[in-house]
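Visitor: Hi, I've just opened this one and could use a hand finding my way around. Can we look at it together?

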Amino acid sequence: MLGRLVTLIFLLLFNASVTASNAAEPTSERPSSFSDDKGLVALRIVTNTAAIDLAVGFSNKWGSLNVEHSDGTRAQLIAENDDGRRSTQIFAGLIPEGRYQITGLVAGQGGLGRSVSLKDQGMTFEVRREHITNLGTLIYQPIGNRETTVLRYPSTDDVQRFLRTNFSGLSELSAGRPVLGWLDVEQNTSGKVASGSVIVVSNSATMGIVGTITMGVMQAISDRAGATASIAEWHETTDAAARLSLAKQSTYALNNIQELPSGEIIAGTNLGQIVFLHPERGWKSVDIGDPREITAISATDADSIIIGGEEGLMLSSANGGRTWKAKTSPVPDGLIMHIGRHADELLVVTLYRNELLVHSQKDKEGAAWDELRRIPIAQPSLVINWPSLQGLAAIQNQKYLVMVPGGQVHTFDFESREWKSYPAPGWSREVRTQGADRVYTSQTSRAPHAFTTDGGATWTPYSNTCAGIYTWALSVAAVSRDELYMLCFGTGMFVGSTSLHKTSNGGNDWTELIKEMPVIASQMYATKNVVLYIDLTGSVYASNDAGSTWSKIKRTRM
């Protein structure tokens, strides 16, 4: 019944919350010199919990990071513009030299939103004049029961790249000087758990004015949605590597999920991981050694994999992820939304600022990227603010379809090398292929869900079993033309829940498999071997008998 406690406040606060929970305004001009006695500090924050309401795109983002000097003076680092990022945030700025500790995170801009205290968590660092302090990545991890913990990611290379790219002048001025970091490098916050801390789900600034009754309801939902591994395990684990492993088993996204020829399912997820699900061998996660989220993936088999993610992250592996090779991204600072392959051509769709950029590259060493299309997109935040990200592009026979929600379908013909545009069938969250000739779309609106067989020129609607005024399909998975599964999300006065349905005759009749999931589900996928879904807590459930029985999948790491 947890899922049915939500939605009136979300509907009331929809317009304000989307604004408050998204990125800051575009970052101002970068300083070219150090001023007074200041040094540059940079830190990435990963808040490892899903946004709680799928209807309005609440995101778990912060506006500022509070720090305190050893003499008691305070400073703030403001969140960077989110261009090229989805679940991670960068905080950077010049502050006076001295010894500091991190004291808290504040939602919203200007320090006006909800806050959490991180004081006395052992997170101390030093700032020196004309030096750079690279603190790497800090993971803010809700563990349930109104408790949170923080832990550090061991690598700082990703933040170093950000500094070189975005603060090139200061990086040059500080060249030759040591890069500073945490003062207590061995501590990793001592495995502390903060009791009574506010869970960060839906932490937009507007939530502070809702009122105590509503906040109590929200907190109850947050406690459950933030639960990851057992609370006792978090309390008892102090080893840094073991704590990081717990966090990596608590991720909540299944991005660009797809089936391999072997029957395995592969997807990208948070904290720099890809996941495999085998019908018989179960679940495993593969770590790329980088905290940025993997948002796009293309694999011809379990060995040959290309992945893309935040800030233009792009890697390839020829051995199933045991080793990785860096690839040059077509948009170095963009968020990679889709990777596709057609014959000897690699295709990438990247979201950067308010455009989708489509590039192609011949699949050979050293080939250059060719820009094929620039497509304006009005509200990119409403595309990426979902717990799981599914591609807005698909290959159908000799055509490449790129969907702009609420806008047009842009179709590229591989033979003629020309584009055509058609009206989109509605506000689509995802497109998925079935076989070689059908592309399905699921709508985040009351428009009928549809499929196309002609590259998006025409769309055939299929019956919408998600009954209700404010109900739509989050995911539609087609095993065949006749066998489809639909994950429905419904909202109403004080309610919000997800259900799962199946058709065996192409949508003429639907059978309800799960009337109401215990926790809101955010992504669903189906093959001839398995049906699975992931909920907001990061729990994954699978069925090997077409939805008759279900079991929770235990995650393991390679």
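Visitor: Where is Asp 36 found?
Guide: Asp 36 sits in the loop between helix 2 (14-21) and strand 1 (38-47). Keep in mind that this is a predicted model.
Visitor: Is Asp 36 buried or exposed?
Guide: Asp 36 counts as exposed, because its relative accessibility is 60% and the cut-off for exposed is over 50%.
Visitor: And what is phi of Asp 36?
Guide: Phi of Asp 36 is near 50 degrees, which is a positive value in a residue other than glycine. For background, most residues other than glycine have a negative phi.
Visitor: Which other residue has a positive phi although it is not a glycine?
Guide: Arg 417 has one, at about 60 degrees. You'll find Arg 417 in the loop between strand 25 (408-413) and strand 26 (418-423).
Visitor: How does Arg 417 count, with a relative accessible area of 37%?
Guide: Arg 417 is partly exposed, because 37% falls between the limits of 20% and 50%.

Visitor: Let's zoom out. How many helices and strands does the chain have?
Guide: There are eight helices and 38 strands in the chain.
Visitor: How much of the chain do buried residues make up?
Guide: Of the 558 residues in the chain, 60% are buried. The chain exposes about 21,200 Å², and carbon and sulfur atoms supply 49% of that.
Visitor: What about contacts between residues 24 or more positions apart?
Guide: Those account for 58% of the chain's contacts with a separation of 6 or more.

Visitor: Pick a helix for me. Which residues of helix 3 are buried?
Guide: In helix 3 (residues 157-166), the buried residues are Asp 158, Val 159, Phe 162 and Leu 163. They line one face of the helix, because, seen down the axis of helix 3, they fall within an arc of 140 degrees.
Visitor: What do the buried residues of helix 3 pack against?
Guide: They pack against strand 1, strand 4 (88-96), strand 8 (132-144) and helix 4.

Visitor: Now the aromatics. How many aromatic pairs are there?
Guide: The count comes to 10 aromatic pairs. One of them is Phe 125 with Trp 182, an edge-to-face pair at 6.3 Å centre to centre, with 85 degrees between the planes.
Visitor: Where do Phe 125 and Trp 182 lie?
Guide: Phe 125 is in strand 7 (residues 124-127), while Trp 182 is in the loop between helix 4 (168-173) and strand 10 (193-195), so the pair ties together parts that are 57 residues apart in sequence. Phe 125 and Trp 182 are both buried.
Visitor: Why is the pair of Phe 412 and Phe 414 edge-to-face?
Guide: Because the planes of Phe 412 and Phe 414 are at 85 degrees, with the ring centres 5.6 Å apart, and planes over 60 degrees apart count as edge-to-face. Phe 412 and Phe 414 are buried too. They also belong to one aromatic cluster with Tyr 400 and Trp 419.
Visitor: What lies over the face of Trp 182?
Guide: That's Arg 152, at 4.3 Å from the ring centre of Trp 182. Elsewhere, the charged end of Arg 30 sits over the ring of Phe 167, 4.6 Å from its centre.

Visitor: What is Asn 270 in contact with?
Guide: Leaving aside neighbours within four places in sequence, Asn 270 contacts Asn 48, Ser 87, Thr 251, Tyr 252, Ala 253 and Glu 293. Its side chain also has a polar contact of 3.4 Å with the side chain of Thr 269. The C-alpha atoms of Asn 270 and Pro 291 are separated by 7.5 Å, with the two residues 21 apart along the chain.

Visitor: One last stop. Which strand does Thr 452 lie in?
Guide: Thr 452 is part of strand 29 (residues 450-452), and Thr 452 is buried, with a relative accessible area of 1%.
Visitor: What does the side chain of Thr 452 reach at 2.8 Å?
Guide: It reaches the backbone oxygen of Thr 458. The side chain of Thr 452 also makes a polar contact with the side chain of Asp 454, again given as 2.8 Å.

Conventions. Residues numbered from 1 in each chain as written. Predicted model: local features only at pLDDT ≥ 70, side-chain atom pairs only at ≥ 80, totals over all residues. Heavy atoms only, no water. Contact = heavy atoms within 4.5 Å. Polar contact = N/O pair within 3.5 Å; in protein donor to acceptor, adjacent residues only side chain to side chain. Helix = DSSP H or I, 4+ residues; strand = E, 2+ residues; numbered from the N terminus. Buried < 20%, exposed > 50% of the residue type's maximum accessible area, 1.4 Å probe, protein only. Phe/Tyr/Trp six-rings, centres within 6.5 Å; stacked < 30°, edge-to-face > 60°. Lys NZ or Arg CZ within 6 Å of the ring centre and 35° of its normal. Areas by Shrake-Rupley, 256 points an atom, 1.4 Å probe, with all protein chains shown as cover. Arc of directions from axis to C-beta.
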